[in-house]
Amino acid sequence: MEKGIFITAEGPEGAGKTTIMNMLAESLESEGYNIKLTREPGGIEIAEQIRSVILDKSNTKMDSKTEALLYAAARRQHLVEKVIPALEDGYIVLCDRFVDSSLAYQGYARGLGVDEVLSINEFAIEKLMPALTLYFDIEPEKGLERINIHKGREVNRLDLEDLAFHEKVREGYLQLQKRYPQRIKNVNAAKSVNEVFKQAQELLKPLIISKK
Ligand SMILES: Nc1ncnc2c1ncn2[C@@H]1O[C@H](COP(=O)(O)OP(=O)(O)OP(=O)(O)O)[C@@H](O)[C@H]1O
Ligand SMILES: Cc1cn([C@H]2C[C@H](O)[C@@H](COP(=O)(O)O)O2)c(=O)[nH]c1=O
């Protein structure tokens, strides 16, 4: 099926994923690549609606399994409506978060189990995995501090979890990196924006070289 390339960004809150994915999209487009930049949960109308429900701070009663299922549902719709068609049309799809977020946040940090969360997601993604995942590694405290300093960013239900939760998220990601070393590549996200951008560009280079 795939003619394009599916690339995802992962990491704790405030790691700089959105900043760097925007920069990558802009620089690759200027070099003549066809880029589709998108995000999870969201990226299309139905998934954005599901995002509002999941991240609404007033939904304090949400059960962890409900949360995991809603992320998987948003993922399914986003894949079918946007990601798969773009890949079929030969685009490089840059997606801010994907299934590894569910594995790290719901599987590991919420304690639902990484394999259990993977199994509900397999129903949604039908084996479609990224060719490359950039994992933006940062101490959660530093990432959260960035979000607090830069006040424009909406604070969502997951941001309000305590530091111990966000530390577990990071541990979860580090375990996933060990499990999928070929796919998940580490970016030191504590560096300056320009340095992080350079690391990401270097990791993309070998994959995209023949895609113009
Ligand atoms: N390398 C960096 N150094 C300092 N500040 C940064 C860096 N990268 C991003 N920022 C700033 O930190 C804030 C969070 O960045 P960004 O939204 O890109 O992170 P994110 O990983 O997408 O966060 P989240 O997943 O929580 O939405 C932004 O205000 C951004 O300008
Ligand atoms: C896809 C996905 C996301 N999450 C969490 C991670 C963040 O706290 C929010 C999304 O907010 P962002 O500003 O767009 O990063 O949702 C999750 O827990 N599980 C997932 O599968």
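Visitor: Is the crossing of α3 past α5 left-handed or right-handed?
Guide: This is a predicted model: local features need pLDDT of at least 70, side-chain atom pairs count only at pLDDT 80 or more, and totals for chains, interfaces and linings use all residues. Residues are numbered from 1 along each chain as its sequence is written; chains are lettered from A and ligands numbered from 1 in the order in which they are written. A crossing is left-handed if the near helix is turned anticlockwise from the far one by less than a right angle, right-handed if clockwise. α3 passes α5 in a crossing that is right-handed.

Visitor: How are α3 and α5 oriented to each other?
Guide: Helices are DSSP runs (H or I, at least four residues; strands are E, at least two). The axes (lines fitted to C-alpha atoms over the stretch in contact, angles 0 to 180 degrees between N-to-C directions) of α3 (64–88) and α5 (114–125) come within 9 Å and cross at roughly 25 degrees. Angles under 35 degrees count as roughly parallel, so α3 and α5 are roughly parallel.

Visitor: Which strands edge the five-stranded sheet?
Guide: The open sheet runs β2-β3-β1-β4-β5, with parallel pairing (at least two DSSP bridges). Each edge strand pairs on one side only; these are β2 (35–39) and β5 (184–188).

Visitor: Which residue in β4 stands opposite A9?
Guide: β1 (5–10) and β4 (132–137) pair in the parallel sense over four bridges. Opposite A9 stands L134.

Visitor: Which helix gives the most to the shell around ligand 2?
Guide: Residues surrounding ligand 2 (C-beta atom, placed from the backbone, within 6 Å) include E13, R39, Y71 and N156. One helix, residues 99–109, gives the most, with four residues: α4.

Technical notes: Angles under 35 degrees count as roughly parallel, over 145 as roughly antiparallel, 65 to 115 as roughly perpendicular and the rest as oblique.
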